[in-house]
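Subject: Handover of a structure

Dear colleague,

Please find below the structure that I am passing on to you. I would be grateful if you read the notes that follow with the model open.

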Amino acid sequence: MKDVDELRPLTAARLLAIWRESGREAEDPLERSLLANARVLAECCWSQGEPAFQNSGAVLEELTAREMESFLEMLGGQRETETVNPAFDPERFQKLREV
């Protein structure tokens with residue numbers, strides 16, 4: 001995944017503008033979402049004080065849809081930036097807590 005050391009959130013007005021611009025370019029909901037998300041990431045992702053991506057096209061060329069989703073989750077505060085343990089079993093953890 002691309003080396004991004006800072007995520008700079010956009011204002012609500014800018015997000016709305018990106019959504020509207022994407023709607024003018026694509027009628028298909030999936031295509032519109034990918035275009036909008038790529039624009040958001042192109043503006044939000046920074047590496048060593050510089051934009052991590054030259055433009056939304058670079059985001060689409062360099063990242064998978066899952067990688068884009070991961071960055072968007074981090075940007076939205078839904079996911080920690082640290083690596084998640086793939087072997088973590090929440091059900092087992094809960095059972096151990098109950099003992």
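Helices (H or I, at least four residues) and strands (E, at least two) are DSSP runs, numbered from the N terminus. Read in this way, the chain follows the pattern β-α-α-β-β-α-α-α, which comes to 5 helices and 3 strands.

Please note that this is a predicted model, in which local features need pLDDT of at least 70 and side-chain atom pairs count only at pLDDT 80 or more, while totals for chains, interfaces and linings use all residues. Residues are numbered from 1 along each chain as its sequence is written, and side-chain values use heavy atoms, with hydrogens and water left out.

The sheet

The 3 strands form an open antiparallel sheet in the order S1-S2-S3; two strands pair if DSSP finds at least two bridges between them. Strand S1 (6-7) and strand S3 (50-51) are at the edges with a single partner strand each, so one side of each has no neighbour in the sheet. Helix H2 (residues 29-44) packs on the sheet and touches S1 and S2, where contact means heavy atoms within 4.5 Å. Strand S2 (residues 45-47) pairs with S3 over 2 bridges, and Trp 46 stands opposite Pro 51 in S3.

The salt bridges

A salt bridge is a side-chain nitrogen of Lys or Arg within 4 Å of a carboxyl oxygen of Asp or Glu, and the structure holds 6 of them. In one of these, Arg 14 meets Glu 43 at 2.5 Å, N to O. Arg 14 lies in helix H1 (residues 12-25) and Glu 43 in helix H2, so this pair ties together parts 29 residues apart in sequence. Arg 39 forms salt bridges with Glu 21 (4.0 Å) and with Glu 25 (2.2 Å). Arg 14, Glu 21, Glu 25, Arg 39 and Glu 43 are linked in a network.

Buried means under 20%, exposed over 50%, and partly exposed in between (1.4 Å probe, protein chains only).

The cysteines

How many disulfides does a search of the whole structure find? The search finds 0, a disulfide being a pair of cysteine sulfur atoms within 2.5 Å. The sulfur of Cys 45 is 6.5 Å from the closest cysteine sulfur, in Cys 44, which is too far for a bond. Cys 44 is buried, at 0% relative accessible area, and Cys 45 is likewise buried, at 0%.

Yours sincerely

Conventions. Axes fitted to C-alpha atoms, helices over the stretch in contact; angles between N-to-C directions.
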